[in-house]
Protein chains: 2
Amino acid sequence: MTATATRTSPRKRAGNGAARPVDGDEIGLDALVGHAGYAVRRFQIWIFQDFIRTLGDVDIRPTQYSVLTVIGANPGLSQMAVAKRLGIERARLVHLLDSLEQRDLVKRVKSSTDRRSHALHLTPPGKTALAKFKRLAAEHERHVEERIGKQNRERLLRILADFT
Amino acid sequence: MTATATRTSPRKRAGNGAARPVDGDEIGLDALVGHAGYAVRRFQIWIFQDFIRTLGDVDIRPTQYSVLTVIGANPGLSQMAVAKRLGIERARLVHLLDSLEQRDLVKRVKSSTDRRSHALHLTPPGKTALAKFKRLAAEHERHVEERIGKQNRERLLRILADFT
DNA sequence: GCCAATTGTTGTCGTCAACAACAATCTTCC
DNA sequence: GGAAGATTGTTGTTGACGACAACAATTGGC
């Protein structure tokens, strides 16, 4: 964009009273500016893009990271437990784990006490990898600080604390 | 969830030292709690679900609402302009407008000054409908207030203001 | 007037949430 | 102890959505 020059319609749109020209950029959002959901959606898109870019070299997306982190902190969890905790559909978790298992980061161990379920564990390389992912994720978090300010980030975390 | 009662495994899992029981609910998130992106994602899911439910009767989703609002506030915009302003792919906007046009809420008017582009307008029923959508969206916004608090909602909007 | 850029459109691909159905297994209850 | 119901992991489908690529029509620069 940037300027967009005079654009097309030089006609000044006879005093319509109601509607304003709206040529270059300044396009009003009207009611949208008062909606938390809109701001949150835009912010979430930005934050995910930065996360994906910052962890691009290791090819780890936000959801994968959350799964690895939870398994790392709670070894032996079942797929149901992980899915519930993270708000992921258990059907979706199947594919996520397939991928992580193929990469030898996670392993499904058949539970002896409940033969329906799998106990999830990080593999040794998985543990090493997660440590690296955490360092990169911390770097991403610093980007967030730079974008919205250290204080605002903390405020945000406090406000949304009970959604985690 | 709610309580989940005593759950299953009453066995106390011998002092394993490293890994904690992790039976019922209390599953640690570890590094995740310090990540703004995780909190924002969960919040965004909640907020969209409430929006979709609150505007369920009129069958309007957040993205459709944002498109209608911007067109309503800036009649005559091109599809490119709307797409850019809302951060939507112009390819995606095509389908959104197809749907909204079929429902007679929006019309594409062939621009006389640039015959490549369409000028977007709300139809008369579209204007009436949007007024109703805005009332419902305001109701949704009250739900947000109830969930995170009036003050926190305002803080949030301020923090994320320049993402809109 | 010619070549590059823009606009709307169509199509493909991959991510993700929401369901539904199913086999294997566990739990409950009689 | 055994039938009935619930749970776990799995497979598949649907629809919203973002990212791209290609295309015809049209406009703009030069």
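Reply: At 48% relative accessibility, A:D59 counts as partly exposed, a class that lies between buried (under 20% relative accessible area) and exposed (over 50%), computed with a 1.4 Å probe on protein chains only. The model is predicted, so local features require pLDDT of at least 70 and side-chain atom pairs pLDDT 80 or more, while totals for chains, interfaces and linings use all residues. Residues are numbered from 1 along each chain as its sequence is written, chains are lettered from A and ligands numbered from 1 in the order written, and side-chain values use heavy atoms, without hydrogens and water.

A:D59 forms a salt bridge with A:R103, with the closest N and O atoms 4.0 Å apart; the term denotes a side-chain nitrogen of Lys or Arg within 4 Å of a carboxyl oxygen of Asp or Glu. This pair joins distant parts of the chain, 44 residues apart: A:D59 lies in the loop between α1 (36–54) and α2 (62–73), and A:R103 in the loop between α4 and β1 (106–110). Helices here are DSSP runs of H or I with at least four residues, and strands are runs of E with at least two, numbered from the N terminus. A:R103 is also partly exposed, at 33%.

In chain B, B:R53 pairs with B:D50 at 3.2 Å; both lie in helix α1, 3 residues apart, about one turn. B:R53 is exposed at 61%, whereas B:D50 is buried at 4%. B:R116 and B:D114 meet at 2.9 Å, B:R116 being exposed at 73% and B:D114 buried at 13%.

Over all chains the count is 20 salt bridges.
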